[in-house]
Amino acid sequence: MNRFLTICAAILLITSLSQMTLASSEEDFMKYMQVWDEKRDLASKYLEEAESEFKAGDELSGCASQQKAAEYGIDATNALLKAMKMNSSADGIENIESGLRKWQELRDFC
C-alpha cells in the first residue's frame with residue numbers, strides 16, 4: 001500500500017510539473033507575441049513620422065525617427081523569432097530573419 005501511494009504521488013507530481021512547464025511556455029509565448037504586436041505598432045508609427053519628416057525636408061528628424069522605428073522593428077522581430085522557435089515553427093523563419101536584417105540596414109542607413 002505504501003508503494004502504491006508513493007507511485008501515485010510521483011505520478012501526480014510529474015503531471016503537475018509538466019503542466020506548469022507547459023503553462024510557463026505558453027505564458028512566454030504570449031509575452032513574446034505581445035511584445036511583437038506592441039513594438040511593431042510603434043515601429044510603424046515612427047516610420048510614418050520619418051516619411052513625413054523626410055518629405056518636409058527635415059533630414060535630421062527623419063533619421064532620428066527612422067532609427068527609432070528600426071529599433072522597435074528589431075525588438076519586435078526578435079520577439080517574433082523567439083515565439084516561433086518556442087512554438088517549434090520553422091516555417092517562415094528565413095523570411096523573418098531577412099526582415100530583421102532589413103530593419104538593421106534601415107537603422108544603420110542614417
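Visitor: Where is the place of K85?

Guide: K85 sits in helix α2. Keep in mind that this is a predicted model.

Visitor: Is K85 buried or exposed?

Guide: K85 is exposed, because its relative accessibility is 53% and the cut-off for exposed is over 50%.

Visitor: What does K85 touch, not counting residues up to four places away in sequence?

Guide: With those left out, K85 touches I93 and E97. There is also a distance to F29, which is 56 residues from K85 along the chain: the C-alpha atoms of the two are separated by 9.4 Å.

Visitor: Step back a bit. How many helices and strands does the protein chain have?

Guide: The protein chain has three helices and zero strands. Read from the N terminus, the order of elements is α-α-α.

Visitor: What share of the residues counts as buried?

Guide: Of the 110 residues in the protein chain, 20% count as buried. The accessible surface of the chain is about 7900 Å², and carbon and sulfur atoms hold 57% of that surface.

Visitor: And the contacts in the chain with a separation of 6 or more: what percentage comes from residues 24 or more positions apart?

Guide: For contacts with a separation of 6 or more, residues 24 or more positions apart account for 64%.

Visitor: Which residues make up the largest nonpolar core?

Guide: The largest nonpolar core has twelve residues: A43, Y46, A69, A70, I74, L80, L81, M84, I93, I96, L100 and W103.

Visitor: What is Y46 in contact with, beyond four places in sequence?

Guide: Y46 is in contact with S65, K68, A69 and Y72, leaving aside neighbours within four places.

Visitor: How many aromatic pairs does a search of the whole structure find?

Guide: The search finds one aromatic pair. The partners are Y46 and Y72, and the pair is stacked, with 5.6 Å from centre to centre and 15 degrees between the planes.

Visitor: Why does that pair tie together parts that are apart in sequence?

Guide: Y46 belongs to helix α1 (residues 2-55) and Y72 to helix α2 (residues 59-86), so the pair joins parts that are 26 residues apart in sequence.

Visitor: Y72, then: buried or partly exposed?

Guide: Y72 is partly exposed, because its relative accessibility is 25%.

Visitor: Which residue lies over the face of Y46?

Guide: K45 lies over that face, 4.5 Å from the ring centre. Elsewhere, K31 lies over the face of Y32, at 5.0 Å from the ring centre.

Visitor: New topic. How many disulfides does the structure hold?

Guide: The structure holds one disulfide. C63 and C110 form this disulfide, with their sulfur atoms 2.2 Å apart. C63 is in helix α2 and C110 in the segment after α3, and the pair links distant parts of the chain, 47 residues apart.

Visitor: Why is the disulfide left-handed?

Guide: The torsion about the S-S bond of C63 and C110 is about -75 degrees, so the disulfide counts as left-handed.

Visitor: Is C110 buried or partly exposed?

Guide: C110 is partly exposed, with a relative accessible area of 33%. C63 counts as buried, at 18% relative accessibility.

Visitor: Last one is Q66. Which residues does Q66 touch, not counting those up to four places away?

Guide: Q66 touches A50, F54, L106, F109 and C110, with that exclusion. Q66 is found in helix α2 and is buried, with a relative accessible area of 6%. Between Y46 and Q66 there are 6.5 Å, C-alpha to C-alpha, and the two are 20 residues apart in sequence.

How values were computed
Residues are numbered from 1 along each chain as its sequence is written. This is a predicted model: local features need pLDDT of at least 70, side-chain atom pairs count only at pLDDT 80 or more; totals for chains, interfaces and linings use all residues. Side-chain values use heavy atoms; hydrogens and water are left out. Rings of Phe, Tyr and Trp (its six-membered ring) pair if their centres lie within 6.5 Å; planes under 30 degrees apart count as stacked, over 60 as edge-to-face and the rest as tilted. Helices (H or I, at least four residues) and strands (E, at least two) are DSSP runs, numbered from the N terminus. Buried means under 20% relative accessible area, exposed over 50%, partly exposed in between (1.4 Å probe, protein chains only). A charge sits over a ring if NZ of Lys or CZ of Arg is within 6 Å of the ring centre and within 35 degrees of the ring normal. A nonpolar core is a set of buried Ala, Val, Leu, Ile, Met, Phe, Trp, Tyr and Cys residues joined through side-chain atoms within 4.5 Å. A disulfide is a pair of cysteine sulfur atoms within 2.5 Å. Contact means heavy atoms within 4.5 Å. Accessible areas come from the Shrake-Rupley method with a 1.4 Å probe; for residues, only the protein chains shown count as cover.
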